[in-house]
Amino acid sequence: MAVSGTMGDEDAEALLRGLAAWLPRRFLLAIDIMLDVSFNGASGPLPAAELGQRQGLETRKLEAILQRLSRAGLLKSVRGPNGGYLLGAERGSVTVGAIARAMMGQDKPTPFTESPSPTMRKVVLPMVERVHELVLAEFDRVTLAELCRLSRLAGLTSKCDGIVDFVI
């Protein structure tokens, strides 16, 4: 991969695969859960067990993610026998950046700011912070509506196919 400037398509794809490997798994799961609810939830609340089944995970392993997303207002929890999860806002207004902030906002940062290394404090951390802000800005440009569109383009079908979905 070229370090200096332009990147070919193959290099860009390899970088993205690499970035996904660096991101917390719970963040990637949260994006996928939000997409699942957006893509499949038009007919009503999706039970946690159903979401977990599509993730290949037990419900209890998703609970912390579902709670964070609910506390952030990104999901609504519906109790009762037909309960489950619905989007907390219209899918065109929910961004991947909002999901990132909901999932990572409560974690304690790595305490490198207390590092005895002046290059860590004055060069490395500011550089990483600039990259962080760029990534968040890019995540803020991607909505669940866009991810649903990409799901359709990828040939995926929704359990809600045939149901009219509109926003007033």
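I began with helix 7, whose buried residues are covered by elements that include helix 2, strand 2 and helix 5; contact here means heavy atoms within 4.5 Å, and helices (H or I, at least four residues) and strands (E, at least two) are DSSP runs numbered from the N terminus. I noted that this is a predicted model, in which local features need pLDDT of at least 70 and side-chain atom pairs count only at pLDDT 80 or more, while totals for chains, interfaces and linings use all residues. Residues are numbered from 1 along each chain as its sequence is written, and side-chain values use heavy atoms, with hydrogens and water left out.

Which residues of helix 7 are buried? I found Leu-144, Leu-147, Cys-148 and Ser-151, where buried means under 20% relative accessible area, exposed over 50% and partly exposed in between, with a 1.4 Å probe and protein chains only. Viewed down the axis of helix 7, its buried residues fall within an arc of 105 degrees, so they line one face of the helix; the arc is that of the directions from the helix axis to the C-beta atoms.

I then looked up the packing of helix 2 against helix 7, and found an angle of about 75 degrees with the axes 10 Å apart; axes are lines fitted to C-alpha atoms, for helices over the stretch in contact, and angles run from 0 to 180 degrees between N-to-C directions. That makes helix 2 roughly perpendicular to helix 7, a label for angles of 65 to 115 degrees, with those under 35 counted as roughly parallel, over 145 as roughly antiparallel and the rest as oblique. From helix 2, Ile-31, Met-34, Leu-35, Ser-38 and Phe-39 meet Leu-144, Leu-147, Cys-148, Ser-151 and Arg-152 of helix 7.

Thr-143 lies in the loop between helix 6 and helix 7 and is buried, with a relative accessible area of 17%; leaving out residues up to four places away in sequence, Thr-143 touches Arg-91, Gly-92, Val-94 and Thr-95. Just after helix 7, Gly-155 takes a positive phi of about 85 degrees.

Ser-158, in the segment after helix 7, counts as buried at 8% relative accessibility. With residues up to four places away in sequence again not counted, I listed Phe-39, Asn-40 and Arg-152 as touched by Ser-158. Ser-158 and Ser-38 are 120 residues apart in sequence, yet 9.7 Å apart in space, C-alpha to C-alpha.
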